[in-house]
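Subject: Structure handover

Hello,

Here is the structure to be passed on to you. My notes on it follow below.

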Amino acid sequence: MADSVATGLEDEKDTENEDKEREKRPFHSTGKTEKSSGTSELTETLGFYERKAKKQDSKHSLSDLSLLRFVSAELTRGYFLEHNEAKYTERRERVYTCLRIPKELEKLMLFGFFLCLDAFLYVFTLLPLRVLLALIRLLTLPCCRLRASICPYCKKRSGSRLLQPAQVCDVLKGFIMVLCYSMMHYVDYSMMYHLIRGQSVIKLYIIYNMLEMADRLFSSFGQDILDALYWTATEPKERKRAHIGVIPHFLMAVLYVFLHAILIMVQATTLNVAFNSHNKSLLTIMMSNNFVEIKGSVFKKFEKNNLFQMSNSDIKERFTNYVLLLIVCLRNMEQFSWNPDHLWVLCPDVCMVIASEIAVDVVKHAFITKFNDIPADVYGEYRASLAFDLVSSRQKNAYTDYSDSVSRRMGFIPLPLALLLIRVVTSSVKIQGALSFICVILFYLGMITLKVLNSIVLLGKSCVYVKEANMEEKLFQSPPSTVPSRESSRAHRSKHTHEPAGESVEEGMLASIISQPTHQPECTASKLPTSESDQFLTTPDESEEKVLIQDGTELIHRAPKKDLLEIDRFTICGNRID
């Protein structure tokens with residue numbers, strides 16, 4: 001009984017458990033179906049919306065590809081320049097710089113033109129008077145060499161110089177001009193004119209280009225010849241036999257001035273042939289040669305120093321062209337018996353040549369400054385550098401004449417050009433009678449007046465430019481008289497390193513301002529003289545210099561500072577721009 005009852009109870013429990021499990025199974029299955037249906041509905045709805053969005057995008061893309069929408073987008077498309085403000089500001093500044101170039105360039109050209117005019121007028125006005133005074137001193141004061149130990153008139157000792165170095169240079173210039181003028185009389189200008197006129201246009205164009213290149217080479221080497229002559233004649237000498245060395249230098253200088261004058265005469269004759277040609281084809285070709293300079297210089301890399309050299313060359317070239325045009329007008333007026341009506345015939349061609357020169361210079365400098373990012377204010381620095389040369393030549397410690405300084409800086413040597421102008425004027429103008437002599441004297445006095453006024457105005461303007469550029473301190477620096485060797489300079493520095501540097505600098509400044517220049521005693525080993533301006537006129541090496549400090553224990557490497565005053569047209573051969 002008991003066993004049967006127990007088995008019955010276990011069966012009832014099993015049946016109840018099975019019923020419970022059955023009840024749970026449909027609930028779980030329904031939950032799963034609901035979840036699966038929910039997820040399927042969710043994915044179905046998301047896919048529906050995605051497909052719907054794709055359809056709408058395709059409709060919009062099809063509508064965007066229409067021509068009307070494209071045209072409307074092009075018409076209404078916008079952009080904002082302030083997003084790249086720096087770029088457009090730089091472009092605007094470049095435009096302003098190009099617009100300022102003509103004004104600044106012509107200021108420099110005008111100042112340089114009057115500098116060349118001052119050096120050119122010096123040959124006609126003050127140089128003859130200075131030569132006359134030197135000759136009077138040489139002839140009327142023989143007592144300085146022959147009689148008393150101390151001259152009662154000039155208060156000079158017998159061992160002192162009879163002529164100052166500047167007077168010796170002036171006398172040499174006068175003798176060179178006289179000898180070359182006498183040699184120029186053997187050159188027939190009319191035969192040269194007809195010989196050149198018989199050549200073809202292409203030959204004349206090639207000849208004119210060759211003459212321009214030869215003029216640059218002659219100018220480059222000519223000033224070195226003249227400087228060698230001046231120094232050979234004025235350097236201290238131990239023996240009188242050493243003065244014989246002046247003769248070959250003098251003959252070389254005479255030959256140079258004569259050949260350079262002949263070269264400029266051929267150039268003026270070629271220009272005269274171009275003016276007198278019937279179809280003006282040669283004149284047009286010669287003017288087009290100026291525009292070739294734009295192609296040869298604009299697309300090159302330029303620094304400030306190279307641009308300064310080219311500016312000096314342009315100043316010299318413009319002044320030389322003006323003198324050549326004056327010579328052409330004089331020759332043509334002589335051929336037409338000084339008829340003033342013929343002058344009006346020449347005026348259009350003269351104005352055309354001048355206008356082409358100015359236009360070429362403006363375009364050339366404008367694009368060079370644009371391509372090389374050079375500001376327009378650099379021409380003010382160039383003007384201040386030229387003004388410094390003028391002011392420094394008027395000081396007591398000046399080392400050269402101003403005309404020679406202009407020759408070194410710009411390559412303009414006034415002696416050959418002045419010689420040619422004198423030759424043309426004397427052959428074109430006939431002086432007969434007392435009235436003609438009076439007119440010549442009045443004309444000479446007028447030239448002296450023009451020279452003095454020009455010098456006064458230039459000196460005043462130069463002082464203003466030097467003061468604006470803060471270059472007054474360089475004017476009071478005394479130039480060294482000799483060139484010490486490297487070993488002696490090192491020994492000198494090592495010997496005087498214990499001295500305070502500040503006191504020596506101050507004493508040197510005071511000595512350069514207060515004391516008068518004195519004559520250096522003759523040395524056994526003659527050395528070449530230099531000055532501060534010579535240091536300016538030669539470009540320093542790229543190697544660094546070693547400077548010894550006051551205590552003498554430490555060396556500092558200092559890179560050389562390049563200044564515009566270092567630029568010399570003859571440092572680089574001719575006017576070559578690398």
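A pocket, as the word is used here, is an open set of grid points with protein on both sides within 12 Å along at least five of seven lines, and its lining residues are those with an atom within 4 Å of a point. Please keep in mind that this is a predicted model.

First, the chain as a whole. The protein chain contains 20 helices and two strands. It has 578 residues, and buried residues make up 37% of them. If contacts between residues at least 6 apart in sequence are considered, 83% of them join residues at least 24 apart.

Next, the second largest pocket. Its volume is about 1200 Å³. The lining consists of 34 residues, and those nearest the centre of the pocket are Phe124, Ile422, Val425, Phe443 and Met447. Sorted by class, the lining residues are 29 nonpolar, four polar and one charged.

Which helices supply at least two residues each of this lining? They are α3 (85-124), α4 (126-140), α6 (165-184), α11 (304-335), α15 (414-428) and α16 (434-468). The most comes from α16, which gives seven residues.

Is glycine 174 buried or exposed? Its relative accessible area is 14%, and buried means under 20%, so glycine 174 counts as buried. Glycine 174 and leucine 415 are 241 residues apart along the chain, yet their C-alpha atoms are separated by 9.9 Å.

Then there is the largest nonpolar core. It has 108 residues, of which Ile176 and Phe275 touch the most other members. The largest share of this core comes from α9, with 18 residues. Setting aside neighbours within four places in sequence, the contacts of isoleucine 176 are Leu226, Leu229, Phe250, Ala253, Val254 and Val257.

Helix α9 itself covers residues 246-276. From its first C-alpha to its last, this helix of 31 residues reaches 45 Å, close to the 45 Å expected at 1.5 Å a residue. How many of the 31 residues of α9 are buried? The number is 23, so α9 is mostly covered.

Regards

Notes:
Residues numbered from 1 in each chain as written. Predicted model: local features only at pLDDT ≥ 70, side-chain atom pairs only at ≥ 80, totals over all residues. Heavy atoms only, no water. 1 Å grid on protein atoms, 1.4 Å probe; cavity = no way out; pocket = protein on both sides within 12 Å on 5 of 7 lines; lining within 4 Å. Points joined across faces, edges and corners; volume = space filled by probe spheres on them. Helix = DSSP H or I, 4+ residues; strand = E, 2+ residues; numbered from the N terminus. Nonpolar A, V, L, I, M, F, W, Y, C, P; charged D, E, K, R; others polar. Expected span 1.5 Å × (residues − 1). Buried < 20%, exposed > 50% of the residue type's maximum accessible area, 1.4 Å probe, protein only. Core = buried A, V, L, I, M, F, W, Y, C linked by side-chain atoms within 4.5 Å. Contact = heavy atoms within 4.5 Å.
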